[in-house]
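Hi everyone, thanks for coming.

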Amino acid sequence: MNYFRPLLHPDTMRLALRFRRICQLRDASRRSLDASVTHGYSFLCPFVARPRMKLSVIIPVYNERDTVLELLSRVQAVEIDKEVLVVDNCSTDGTRELLDQLGDPAVQVLHQPVNYGKGTSVRAGIRRARGDYLIVQDADLEYDPEDYHKILDAAESNGWPAVFGSRLMEAAPDYEPSRMFRFGRVWMTRLFRLLYRADVTDVATCYKLMRTDLVQRLDLVGTGFDLDFEIPAKLCKAGIPIHEVPISYHPRSIEQGKKIRARDGLRAARLLLKYRFVN
Ligand SMILES: Nc1nc2c(ncn2[C@@H]2O[C@H](COP(=O)(O)OP(=O)(O)O)[C@@H](O)[C@H]2O)c(=O)[nH]1
Ligand SMILES: [Mg+2]
């Protein structure tokens with residue numbers, strides 16, 4: 001046997017070397033993009049990098065006059081290509097008027113004529129979303145919009161169609177005003193794992209980032225808090241894997257405006273059973 005015979009044909013070797021060189025150049029250009037963004041030369045982006053995906057942020061709002069403007073400014077401060085869709089659910093505490101005075105062309109505001117429930121507002125946003133991915137954002141300050149970066153990065157770099165921000169993957173929140181909410185979160189997730197054989201740690205999270213085209217085809221019908229469970233149930237039934245990344249969480253109390261109640265959890269549990277065994 002001729003041990004000195006090259007392992008690859010010279011032409012194949014040349015092609016392999018050229019391919020490696022192209023990969024090196026591509027990686028170098030991505031690194032220079034990161035440096036250029038860090039140093040304020042983001043105008044170079046179109047020349048050196050893959051374009052980043054666009055994110056639709058859907059904000060269902062009901063009676064949140066104390067937090068909605070602060071929340072919007074936090075969302076706007078996130079440096080991501082995004083569209084912001086606020087759906088006011090017929091607020092009666094002055095939130096509606098605050099939104100009307102916004103006059104910010106970067107924020108689209110939609111008013112529901114009647115209070116149809118949180119899920120209906122989220123679905124109205126999903127129908128209008130034009131980003132590559134979408135995420136739901138409550139109008140309170142429990143979640144940190146800066147976490148969009150890590151959720152979107154995980155989805156983009158791995159090609160994952162659905163990434164949830166989990167409040168239970170890492171340390172517990174800094175404080176928990178009610179043990180009932182934590183109990184509900186944990187037990188709804190256990191029920192979900194059992195019924196749908198899905199490896200998730202926080203099924204009730206608000207931060208569910210998904211590819212817009214996929215969610216728009218899920219045929220969602222939920223009108224209230226149940227939509228938060230219908231979405232993962234239908235993702236699982238459609239065979240779409242759910243991945244998670246840890247996020248921060250600063251829970252509020254009922255006195256501070258929290259609106260979800262134990263009856264919403266019971267209704268959601270009933271619907272999880274229904275979506276699993278009936279429809
Ligand atoms: N209860 C309720 N909440 C709504 C409605 N429409 C929008 N929302 C919003 O849904 C979010 C509910 O958040 P919260 O009460 O903290 O419950 P969470 O789901 O545990 O975060 C808030 O941002 C509300 O403003 C509605 O019709 N009813
Ligand atoms: Mg909330």
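You'll find Asn-63 in the loop between β1 and α3, which covers 68-76. Its phi is near 50 degrees, a positive value in a residue that isn't glycine.

Asp-219 is another one with positive phi, about 60 degrees, and again not a glycine. That residue lies in the loop between α8 and α9. Asp-219 is exposed, because it has 9 other C-beta atoms within 10 Å and 12 or fewer is the limit for that.

Okay, stepping back. What you're looking at is a predicted model, so keep that in mind throughout. The protein chain has 279 residues, and buried ones make up 33% of them. It contains ten helices and seven strands. If you take the contacts with a separation of 6 or more, 78% of them are between residues 24 or more positions apart.

Now the sheet. It's open, it has seven strands, and reading across you get β3-β2-β1-β4-β6-β5-β7, with mixed pairing. At the edges are β3 (107-111) and β7 (243-246); each has a single partner strand, so one side of each has no neighbour in the sheet. On average, neighbouring strands are turned by 20 degrees against each other, ignoring direction.

Let's walk through some of the pairs. Strand β1, residues 55-61, runs parallel to β4, residues 133-136, and four bridges join them. One you can look for is Ser-56, whose bridge partner in β4 is Leu-134. Moving on, β4 pairs with β6 in the antiparallel sense, over two bridges, and here Tyr-133 has Arg-211 as its partner in β6. Then β5, residues 162-166, is antiparallel to β6 with three bridges; there, Ala-162 stands opposite Met-210.

While we're at β6, residues 208-211, look at which way things point. Lys-208 and Met-210 go one way, Leu-209 and Arg-211 go the other, and all of them are buried.

Leu-209 brings us to the core. The largest nonpolar core has 54 residues, and Ile-58, Ile-59, Ile-135 and Leu-209 have the most contacts inside it. Helix α9, residues 227-237, gives the largest share, six residues. As for Ile-59, leaving out residues up to four places away in sequence, it touches Val-84, Leu-85, Val-86, Val-87, Gln-137 and Ala-139.

Next, helix α5, residues 118-128. This helix lies across β1, β2, β3 and β4, at about 155 degrees to β1. Eight of its eleven residues are buried, so α5 is largely enclosed by the rest of the structure. Among the buried ones are Lys-118, Thr-120 and Arg-123. The cover over them includes β1, β2, β4, α8 and α9.

Last stop, ligand 1. There are 17 residues around it, and Pro-60, Tyr-62, Asn-89, Asp-138 and Lys-259 come nearest. By class, that shell is six nonpolar, four polar and seven charged residues.

Key
Residues numbered from 1 in each chain as written. Chains lettered and ligands numbered in written order. Predicted model: local features only at pLDDT ≥ 70, side-chain atom pairs only at ≥ 80, totals over all residues. Pairing = 2+ DSSP bridges. Axes fitted to C-alpha atoms, helices over the stretch in contact; angles between N-to-C directions. Contact = placed C-beta atoms within 7 Å. Near = placed C-beta within 6 Å. Nonpolar A, V, L, I, M, F, W, Y, C, P; charged D, E, K, R; others polar. Core = buried A, V, L, I, M, F, W, Y, C linked by C-beta atoms within 7 Å. Buried ≥ 20, exposed ≤ 12 C-beta atoms within 10 Å, placed from the backbone.
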